[in-house]
Amino acid sequence: MLEDNSQCPQWILGLLTEKFFNACLIHEDLKKNEKNIFCLDCCEGICAHCSQVHHSHRLLQIRRYVYHDVLRLGDAEKLMDCAYVQSYTTNSAKVVFLNQRPQTRPSRGSGNICTTCDRALQDPYFFCSLSCKVHKYLCNTKEYVFFFRFLIPTQFIFSNFPISAPPLFFFFFF
Ligand SMILES: [Zn+2]
Ligand SMILES: [Zn+2]
Ligand SMILES: [Zn+2]
């Protein structure tokens, strides 16, 4: 299990297990209190109101695409090597899914499938989500240090993250 792997950076464990878009318990009474930001320094999901407390931390915007959590590909690539993870274009931005999505029927048999969960994929891809790549990679290699780009603390700014303004989280709602 991913959770048992002590070699895995804490932030990826937190990122892949956090339940985003639930209401923030600290700001239950406020509007726009969905947890749609992940603090890489605290390893927790936070809402726009919380982000003021975490303003000096590295914050990652989580978005929604077809009812599932996604990252902008540009943001995800600052965190880990996203090669062969299937990306989708929405509103002219490329996004990748954080986790596997439930499947109604197995897609084994024909065509290209996710190496971890067997979901049908387009041709040049091996993984349906970041989670599937993390699982496969950690099971098969000790070279995880080359895989994650976020082991050493560095300051970088994620694409279009509005530090001073509430995040534009309606952008990916349909
Ligand atoms: Zn924080
Ligand atoms: Zn909050
Ligand atoms: Zn998969």
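Read along the sequence, the protein follows the pattern α-β-β-β-β-β-α-β-β-β-β-α-α. This pattern belongs to a predicted model, and the secondary structure comes to four helices and nine strands. Of the 174 residues, 29% count as buried. Among the contacts with a separation of 6 or more, 50% are made by residues 24 or more positions apart.

## Helix H1

Which residues of helix H1 are buried? In this helix, which spans residues 10-17, Trp11, Ile12 and Leu15 are buried. The three cover an arc of only 95° around the axis, and therefore they lie on the same side of H1. An α-helix has 3.6 residues a turn, so residues three or four places apart point the same way.

## The three-stranded sheet

Three strands form an open sheet in the order E2-E1-E3, and their pairing is antiparallel. Strand E2 (44-47) and strand E3 (59-61) stand at the edges; each has a single partner strand, so one side of each is left without a neighbour in the sheet. From one strand to the next, the twist averages 40°.

Strand E1 comprises residues 35-39 and is joined to E3 by three bridges. Four bridges join E1 to E2. Cysteine 39 takes part in both pairings: its bridge partner in E3 is leucine 59, and its bridge partner in E2 is glutamate 44. E1 and E2 also form a hairpin, with four residues between them. In the turn of this hairpin, cysteine 43 has a positive phi of about 60°.

The UniProt record, an unreviewed entry, carries the annotation "domain: B box-type" for residues 24-62. In the model, the end C-alpha atoms of residues 24-62 lie 14 Å apart. This span is 0% helix and 31% strand.

## The four-stranded sheet

A further open sheet has four strands in the order E4-E5-E7-E6, with antiparallel pairing. Its edge strands are strand E4 (63-65) and strand E6 (87-90), each of which pairs on one side only. The twist in this sheet averages 50° from one strand to the next. E4 and strand E5 (residues 68-72) pair in the antiparallel sense over three bridges. Within this pairing, the bridge partner of tyrosine 65 in E5 is histidine 68.

| Strand pair | Sense | Bridges |
|---|---|---|
| E1 and E3 | antiparallel | three bridges |
| E1 and E2 | antiparallel | four bridges |
| E4 and E5 | antiparallel | three bridges |

## Cysteine 117

Where in the chain does cysteine 117 lie? Cysteine 117 is found in the loop between strand E8 (112-113) and strand E9 (120-121). Is cysteine 117 buried or exposed? Cysteine 117 has 20 other C-beta atoms within 10 Å, and it is therefore buried; the cut-off for this class is 20 or more.

Not counting residues up to four places away in sequence, cysteine 117 touches Gln100, Cys128 and Cys132. A separate distance concerns serine 129, which is 12 residues from cysteine 117 along the chain. The C-alpha atoms of cysteine 117 and serine 129 are separated by 9.6 Å.

Note on methods
Residues numbered from 1 in each chain as written. Chains lettered and ligands numbered in written order. Predicted model: local features only at pLDDT ≥ 70, side-chain atom pairs only at ≥ 80, totals over all residues. Helix = DSSP H or I, 4+ residues; strand = E, 2+ residues; numbered from the N terminus. Buried ≥ 20, exposed ≤ 12 C-beta atoms within 10 Å, placed from the backbone. Contact = placed C-beta atoms within 7 Å. UniProt positions renumbered as here; feature names shortened; annotations may be inferred. Pairing = 2+ DSSP bridges. Axes fitted to C-alpha atoms, helices over the stretch in contact; angles between N-to-C directions. Arc of directions from axis to C-beta.
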